[in-house]
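Good morning, colleagues. Please look first at the sequence and the model, which will now be shown.

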Amino acid sequence: MRVRVNLGNLLREFPARLRRAGTDLAVGGLIAMGAMLSICLFLITAYFVILFVIGIGAMVLPIVTRWVRWLCNANRRVAARSGIEIAVPYQPEPDEFEKDIVGWIRRCKWILTDQATWRDLAWLLLNSAVGMIGFLPAVVLYYVLEGFALAFGLWRPVLRAQGTGREYFFVAIDSYPTAVLAALAAAALFVAWTWFSPLFLTVHAHFSRLLLGPTESSRLALRVQHLAETRTGALDAAAAELRRIERDLHDGAQARLVGLGLTLGALERHLTGESEEARRLLRDARTSSVAALRELRDLVRGIHPPILAERGLADALRALGLASPLQVEVRVTIPGEAPPPLESALYFAVSELLTNALKYSEAEHVEVSAWHDGAVLHARVTDDGRGGADATKGTGLHGIRRRLATFDGTLEIGSPLGGPTVIKMEIPCVLSSLKTSSS
């Protein structure tokens with residue numbers, strides 16, 4: 001009974017395995033043709049690498065590399081079909097290259113300093129031989145068809161022409177019984193072919209993963225890049241959500257509170273003198289609405305200051321200086337626009353530092369400086385207070401440090417007893433388009 005069940009399962013699976021074997025036959029042929037292309041690309045790439053080293057070839061090397069990576073990526077996809085996932089190990093391309101010879105040289109440098117480029121070249125060289133394994137399913141199928149052809153009559157003209165039978169699976173086919181044995185052998189080989197032809201492609205997939213897969217260092221770099229991208233996306237989404245809340249509060253609840261205050265004021269003016277109690281209740285309600293409106297405006301400014309969205313970081317920092325009871329001198333040199341989440345983090349950090357200088361430092365004068373050096377946004381807050389600021393003794397400075405760390409930023413505190421206190425902040429960033437700002 002168990003044998004019949006297993007045989008039935010095999011018969012039911014056979015059509016699907018036959019279709020898979022036919023597909024593997026075609027894919028194997030493409031792998032083998034890719035192997036022949038590999039040696040050509042290896043020689044061309046090596047030639048232009050040598051030309052680039054001696055000072056020429058910068059214009060052609062990036063084009064050839066694009067072909068090489070296309071072939072390697074195609075083999076990665078073929079390996080995935082066999083269940084062998086191969087991650088793309090290439091380092092991310094810089095955002096922009098100059099459209100001149102300097103840009104082409106920088107592009108070549110980016111290509112040649114990537115370890116994956118040299119592993120691709122090694123794979124091209126070895127694949128010119130290993131890739132020929134893709135022909136094996138076709139070779140086995142050819143041998144199966146030859147067996148059937150001999151068994152079904154081709155053995156007789158061969159016997160007349162050569163005088164001896166043609167050997168097939170170590171059997172000389174020179175009679176009908178030997179022809180039947182050849183047919184059975186060919187049928188058995190055909191069944192084995194449908195079952196085991198994927199193994200040839202799996203072997204090639206393992207070979208490709210050995211050289212085309214990422215190394216541990218490149219895997220770590222890709223992981224860091226992925227985490228940075230997801231973190232940036234999360235921060236952008238959070239900033240967009242905060243801006244949406246700020247707009248909803250500003251345009252919705254705040255506007256309704258203003259309208260309520262106006263309505264209460266109009267109602268109070270229309271009351272007669274005999275309604276003093278009602279007039280008092282209206283005044284209380286109006287006072288409460290004004291207080292609620294003030295608190296709501298403070299909340300809106302705490303979520304996302306309108307001046308930061310409307311005027312940019314430079315004017316927002318100047319507004320902080322003007323609003324502070326201290327004597328604040330603000331110097332800002334930021335020739336562009338930083339990402340909104342980063343601008344918000346720096347704005348609130350400076351605001352917190354100004355509050356600390358007022359509440360704890362007993363300072364009278366504060367200097368706020370902010371500038372960008374091309375890769376890093378710098379800010380420095382200096383006050384003439386009593387000093388002694390320590391991030392380990394409170395949550396304010398520690399919170400600023402954590403806020404900046406979200407953007408790979410740093411906070412450096414210099415605050416000896418007696419002052420002055422100098423707090424430096426650095427956040428890596430690239431500015432985008434220029435923003436017009438008042439001086």
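I shall speak about salt bridges, then the nonpolar cores, and finally a hairpin.

First, the conventions. This is a predicted model, in which local features need pLDDT of at least 70 and side-chain atom pairs count only at pLDDT 80 or more, while totals for chains, interfaces and linings use all residues. Residues are numbered from 1 along each chain as its sequence is written, and side-chain values use heavy atoms, with hydrogens and water left out.

Let me turn to the salt bridges. The term denotes a side-chain nitrogen of Lys or Arg within 4 Å of a carboxyl oxygen of Asp or Glu. Across the whole structure, the search finds 7 of them.

One joins Arg20 to Asp24, at 3.2 Å from N to O. These residues are about one helical turn from each other because they lie 4 residues apart in helix H1, which covers residues 2-53. For accessibility, buried means under 20% relative accessible area, exposed means over 50%, and partly exposed lies in between, with a 1.4 Å probe and protein chains only. On that scale Arg20 is partly exposed at 33%, whereas Asp24 is buried at 0%. Arg20 and Asp24 also belong to a network of salt bridges together with Arg81.

Where do Arg69 and Asp114 lie in the chain? Their side chains form a salt bridge at 3.7 Å, N to O, and the pair links distant parts of the chain, 45 residues apart: Arg69 is in helix H2 (residues 61-81), and Asp114 is in the loop between helix H3 (101-112) and helix H4 (115-130). Arg69 is buried, with a relative accessible area of 11%, and Asp114 is buried at 3%.

Helices H4 and H2 are also linked through Asp120 and Arg76, which are 44 residues apart. In this salt bridge the closest N and O atoms are 3.8 Å apart. Both Asp120 and Arg76 are buried.

I now come to the nonpolar cores. Such a core is a set of buried Ala, Val, Leu, Ile, Met, Phe, Trp, Tyr and Cys residues joined through side-chain atoms within 4.5 Å. In soluble globular proteins, nonpolar side chains tend to be buried together. The largest core here has 39 residues, and those with the most contacts inside it are Leu313, Val350, Val366, Ile400 and Met425. Among the elements that give two or more residues to this core are helix H10 (313-323), strand S3 (327-333) and helix H12 (395-405). Helix H11 supplies the largest share, 10 residues.

What does Val350 touch, leaving aside residues up to four places away in sequence? Its partners are Leu317, Leu320, Val368, Val381 and Met425, where contact means heavy atoms within 4.5 Å. A second, separate core has 26 residues, including Phe42, Phe48, Ala116 and Phe207.

Finally, the hairpin. Strands S6 (residues 410-414) and S7 (residues 421-428) pair in the antiparallel sense over 5 bridges; pairing requires that DSSP find at least two bridges between two strands. Glu412 stands opposite Lys424 in S7. Between S6 and S7 there are 6 residues, and Gly418 in the turn has a positive phi of about 95°.

Thank you for your attention.
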